[in-house]
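Please keep the sequence and the model in view while reading.

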Amino acid sequence: MTGFLFELSFFLAAPVWLLMIFAPAWRGTERLAASPLTVVPILAVYLALALPAFPELWAAVTEPDLDSFRALTAGAEGAGAVWAQIIAWDLLIGQWMYREARDLGLSPWLMGPLLILTVLLSPFALLVFLAVRAVRTARTPAPDRTARKPAPDRA
């Protein structure tokens, strides 16, 4: 079951990634990327994996050191929980980058590969994106953040 949950965490995120990369201009992608709720199913997987490993998890976060973290990730549930957490946070970072790129008018041809890099190695991708963003904002006036349209109400 742990192996299934480990794999499920990525497959829950994959549709959002695919839309941001391959359908960036579609209105549905914009609405989906604007919601932090995309990570809720992944966090449910995290909880399913983290609860059985809670003593090791608690030790790793309350008295962080390499040995307690090693003990946490030595078990399948602990390693799976850390993986699900990484998947969730990477997705949030990717959604933020997608939205920032749209606001800045960055090309989908630039952002597609950068979002793929975010899936694989988000710290590197975030640093590259921050550099691109800094160059872009230095060359153009600041975008009007109030121009972003809220998602329509679902009454």
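**Helix packing and salt bridges**

At 35% relative accessibility, Arg102 falls between the limits of 20% and 50% and therefore counts as partly exposed. The model in which this residue is seen is a predicted one. Arg102 forms a salt bridge with Glu30, and the closest N and O atoms of the two are 2.3 Å apart. This pair links distant parts of the chain, since Arg102 belongs to helix H6 (residues 76-104) and Glu30 to helix H2 (residues 27-33), 72 residues apart. Glu30 also counts as partly exposed, its relative accessibility being 32%.

Side chains of opposite charge can pair when their charged atoms come close. The structure holds 3 salt bridges in total. Another of them joins Arg133 to Glu100, with the closest N and O atoms 2.8 Å apart. Arg133 is partly exposed, with a relative accessible area of 26%, whereas Glu100 is buried, with a relative accessible area of 5%.

A further salt bridge is found between the side chains of Arg70 and Asp67, at 3.4 Å from N to O. Arg70 and Asp67 are 3 residues apart in helix H5, so about one helical turn separates them. Arg70 is partly exposed at 48% relative accessibility. Asp67, with a relative accessible area of 53%, lies over the 50% limit and is therefore exposed.

Helix H5 leads on to the packing of helices. Two packed helices are described by the angle between their axes and the distance between the axes. The crossing in which H4 passes H5 is left-handed.

Which residues of the two helices meet? On the H4 side they are Glu56, Leu57, Ala59 and Ala60, and on the H5 side Ser68, Phe69, Ala71 and Leu72. Sorted by class, this contact of H4 with H5 has 6 nonpolar residues, 1 polar residue and 1 charged residue.

Terms used: Residues are numbered from 1 along each chain as its sequence is written. This is a predicted model: local features need pLDDT of at least 70, side-chain atom pairs count only at pLDDT 80 or more; totals for chains, interfaces and linings use all residues. Side-chain values use heavy atoms; hydrogens and water are left out. A crossing is left-handed if the near helix is turned anticlockwise from the far one by less than a right angle, and right-handed if clockwise. Helices (H or I, at least four residues) and strands (E, at least two) are DSSP runs, numbered from the N terminus. Contact means heavy atoms within 4.5 Å. Ala, Val, Leu, Ile, Met, Phe, Trp, Tyr, Cys and Pro count as nonpolar, Asp, Glu, Lys and Arg as charged, and the others, Gly among them, as polar. A salt bridge is a side-chain nitrogen of Lys or Arg within 4 Å of a carboxyl oxygen of Asp or Glu. Buried means under 20% relative accessible area, exposed over 50%, partly exposed in between (1.4 Å probe, protein chains only).
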